[in-house]
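The sequence and structure come first, and the description follows.

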Amino acid sequence: MNTGMILGLTLGSLAAMVPIVLTSVGAAISERAGVVNIGYEGILMLSAFFGTITAELAHNGWVGLLGGALTGIAIGIVHGVITVYLKGDHVIPGIGINLIGYGGVAFGILAYWGTAGQHQVAPNAQIKPLWMDAFGNSLSPMVVITIAVAFIAWWVLFKTPFGLRIRAVGENPEAADALGVNVELYRFTAVLIASALSGIAGAYLSVDWLGTVTKTIAAGRGFIALANMVFSGWDPILSLVGGLIFGFFDNLAIYIQNNPWLAGTIPWQFIATLPYLVTLLVVAGIIGRARAPKWDGIPYKRE
Amino acid sequence: MEERTPVLEMRDIVKVYSDGTRALNGVTIKVYKGEIFGLLGENGAGKTTLMKILFGMLKPTAGKIFFQGSEVHFKSPADAIARGIGMVHQHFTLVEVFTALENIILGKEGHGLFSKIDVKNAKKKLQTLMDELNFQVPLDVPVENLPVGIQQRIEILKMLYRNVDVLILDEPTAVLTPIEVKELFDVLRKLKAQGKTIIFISHKLNEVMEITDRVTVIRKGKVIGTVNTSDATPQLLARMMVGRDVVLRIQKKPHKPGKTVFRVEDLWVKGDRGEDAVRGLSFEVKAGEIFGIAGVEGNGQSELIEAIAGLRDVEKGRVYLMGKDITGKKPRELYDMGIAHIPEDRTHMGLILEMSVMENAILGMYWRREFSNGWRLIDWGKVEGHAKELIDEFEIVAPGTRRPVKSLSGGNQQKLIVAREVSKRPEFIIAAQPTRGVDVASTEYIRNYLVKLRDEDKAVLLVSADLDEVLQLSDRMAIMYEGQFMGVVKPDEVTEEQIGLMMGGVSQ
Amino acid sequence: MNLSQSLRGYLKPFTESVLAILIGVLVGAIVLWASGYDAIAAYKALVVGSVSSLTNFAQTLSQSTPLILTALTFAVGSRTGLFNIGAEGTVYFGAIAAVGISQAIPNPLSGIIAGILVGALWALPAALLKVYRGVHEVISTIMLNWIAFYLAVWLALSVFVSPSNANRTVAIPPSARLPLLMRNTTLSWGFVVAVLTAIVVYVIMWHTKLGYEMRANGYNPRAAEYGGINPKAAAIWSFVIGGMTAGLAGAVQVMGVPPSYAISQGLANVYGYGFDGIGVSLVGRDHPIGIIFSGILFGALGAGATKMQQAGVPLEMVKVIEGIIIVAVAIPGLLDLINRMFRRGRV
């Protein structure tokens, strides 16, 4: 271990933390309001794709993030209408969204760029790092923004009337309804916030961190984010801790694969399982203590 | 009567539910400012329906509501609250993990959806309210950790914080001990002195006599009459409430109990939050005996039943059935050994609502030989025959054995449970809240059936929050308070006052 | 009387599934059109490729084979109240098991048994994590799918790699293959195995005590426990039975599909069936008999996709259509909703 390696791993972990934390924070807000969505994987996929398109059209990575957010919101509207207004199942739409995500991006890359499975994001459409060294280590402004988002989300959830109402409609919508809190509106808003954050995370994958769109770009991060949300007890600030842990192993797998002297000793496939294995172990160790919002995933209908 | 104009008038209210049930048949009530108005009636008379209409939770089929001189149409409770009508339900609507403060200010937190909640200011306002009423509520503790009496005060504060003029209380004493009832009445009197109008819904004559100024009695969705409480007697109100209809009277001949069938020794059981819900109970139930357990709900009855029915771990102590130690046995073993269990929660435990009538008819006995064919598969023909037998014998009204059980009415669902449990041919029957939320005819049927089981020398453990039920049916009864028996008595050798004291934690 | 009762019970879900499929096709057309493709030509290719001839229809049935089996995994889970989406990873191991065992014991039965057993084994981690640690099965099965993917890639390319072709595993020896039902197609006895398995699962779920226990637990675990059912056992059995059908899917897929009878690079010929099975199950309303039909429909989409690809439309478009169908299935009371819309339109 030398300092360069430590620096590289640290910065890499922070970079890998961003999409997981943004999605976890969103998912926590949505589930605090009582809406489950397992379609974040699909949102990450589609917003990585549409984020790239908008970024390349505007020659600006930040516009790409906006494009990602809008993609997320569009999907969120579908999920929100089905779950919040039509009182449908909370899990099934996500299955469909994920399928559309994986199929749609593979299709879209071919249809839009004419390449199979992968597209390199144009340099002028990528977000410039805050800092970079000669070895390619870099720090994205999105790392700072993500940390800020986690703190702001915590503050809004626990210190403001908006947050109180979000939590109330997820814990006891009946009580909230009786006091004039519009349950459907707050639940729907929470879904949109979650999908927007996840959309930004997806665009970050392509126009910032990885600089490419592939047909498997989300690579399970949508689900790792859900695991992280449980791990952090639906708390945005704690999700930073979990996000760093997951980010570390996510990045470690990439790091080891890129270092032949390490990769030679163990099959790379074993290392690639690390983030998923760690997620499983962490979640298995944590559950039991964690307590989900009481009305999480349950449609609310008035008597 | 008086020339004053009422602050609130509900005129000719009719409510027909979508399934055709007529809950209200043209009810008119008038409530005057600054009075405590009693709404008296039996379970199912329509009191709660009427108040839910007033509070914007239900839409009336016909009729008008006038409040403070103008006609109102409340679309939601929030509408009603905004106009100054508040309601405290029998089952509280509190966010359990929120503090009292959060529960109270929810939806009325102050300015700015995204600005910091002004906790200090809210607390100051609440402190003033509490001082005026001379009671205290811990504002910073999650309400799930507070006793029901305090939770009720939080519900009242929630309404007062919104400056309601009219406060509806639906059976507010059902969950309270006698001491808590006294304290509640003090609060109500103070509110009245402040000029608030209170609607007090109850079926308890003494309470209505004690606290109300006027009382309207309703029966089967109709107003029977309105009297000034000072002119009324409990006897008069009772006649109005029950009418000439035959009161549920259970034919119970004396019966000599046999040998001990069921015995519990120093039983300790933990509740969901890890507290000691049952604390060292010992009792026995004999063949040919109904042993009743009364008490305010939430004093460990549910945990006791679950522990002896194999649904909750026993911390300490032993349970015996016909001399055999059955502590810690699973439900399936218990049923095979001769226990039947009518659970207190019909819709969440006793039945699987989405499954068919016949599938429900074998819950807890589906493994028995009599329902299998030669291939060891379930023989649905035999199951259907069994279901039809239950339906015939208990006169259950069911649209068909293959329809989901949720298509049955509550009373028929409960009859199906009782029928099924009895068909297990048990020696010992646990009957928990056997007639809760059940129509009068079914109630009578079920109660008579429990007596019949006793006469057939079965041992019956009856647990009910309905004191009358326990008094009528039991041969011996215990009153449970905070996980212990305050006394074991014979129903005909005990006064109402003694029972009241025991329910409030005074041991006899 | 009873028959018409139950028929009416099936009619509504059936109509809703058909509606969901129509919505999928329609929205899919809009996506195609918006991406600059000729939607009509694409669909034409889809239909031609799947049902225009006996050979093509055989292709459809062949494609439906693994889908029916993985759909059963999801259906058994769903009926038990579990969201078991772990079929995907289990399929890989079922295929590896068949490849492995057939080298030692080269007959079809050994491959099938190995697939089933390995499938049951791989179901255990998620089952035990659920029952003893309370880990939600969506999270555990997804993580296990990814772990299975990398482990299976390693097994395929390091342990069972073909000595003659580094891009695939050794092939199943001819004596261990499932015979074809129709020459010059890929339709093998695997399809018959899948249909029989669906029938067996139906019997288990609706005519055995275990099935009663699983379904009761699925609707209401608390009432099930009260009813003498062990909820833990019901959940574990549900995972295990689901694992068996998914493992079988993988085995059948390598044992019955010419020409390679081997697992190709990146698990390409066994990849994706687990996820598609979820959609098949949802459209088939989590019922084994419904699944046979919706499996054939999805099989047709798969078979037609190849033709569509030849007509210039990327075959991944089919996944988008499937996804839209699932989202449409999730709309509650779809039939009533559309009824209402039409009524409003008429006024």
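What percentage of the 508 residues in chain B do buried residues make up? The model is a predicted one, and in chain B buried residues account for 45% of the 508.

**Chain B overall**

Chain B contains 17 helices and 20 strands. Its radius of gyration is 25 Å, which agrees with the value near 23 Å for a compact globule because that is what 508 residues would give. Of the contacts in chain B with a separation of 6 or more, 67% join residues 24 or more positions apart. Some values for chain B are listed below.

| Property of chain B | Value |
|---|---|
| Box filled by the C-alpha atoms, along the principal axes | roughly 75 × 55 × 45 Å |
| Radius of gyration | 25 Å |
| Buried residues | 45% of 508 residues |

**The nonpolar core**

The largest nonpolar core has 381 residues, and B:I199 and C:V254 have the most contacts inside it. Helix α8 (residues 183-209) of chain A gives the largest share of this core, 17 residues. In chain B, domain 1 (8-242) and domain 2 (260-503) each contribute at least three residues to this core.

Leaving out residues up to four places away in sequence, B:I199 touches B:V31, B:F37, B:L39, B:M51, B:V166, B:I168 and B:L169.

**Where chains C and B meet**

Contacts link 16 residues of chain C with 20 residues of chain B. On the side of chain C that touches chain B, at least two residues come from each of α1 (2-34), α8 (209-219) and α9 (221-226) of chain C. The residues of that side of chain C are five nonpolar, eight polar and three charged.

Technical notes
Residues are numbered from 1 along each chain as its sequence is written. Chains are lettered from A and ligands numbered from 1 in the order in which they are written. This is a predicted model: local features need pLDDT of at least 70, side-chain atom pairs count only at pLDDT 80 or more; totals for chains, interfaces and linings use all residues. A nonpolar core is a set of buried Ala, Val, Leu, Ile, Met, Phe, Trp, Tyr and Cys residues joined through C-beta atoms within 7 Å. A residue is buried if 20 or more other C-beta atoms lie within 10 Å of its own, exposed if 12 or fewer, and partly exposed in between; C-beta atoms are placed from the backbone. Helices (H or I, at least four residues) and strands (E, at least two) are DSSP runs, numbered from the N terminus. Domain bounds come from an automatic or database domain assignment. Two residues are in contact if their C-beta atoms, placed from the backbone, lie within 7 Å. Ala, Val, Leu, Ile, Met, Phe, Trp, Tyr, Cys and Pro count as nonpolar, Asp, Glu, Lys and Arg as charged, and the others, Gly among them, as polar. The radius of gyration is taken over C-alpha atoms; the globule rule is 2.2 Å times the number of residues to the power 0.38.
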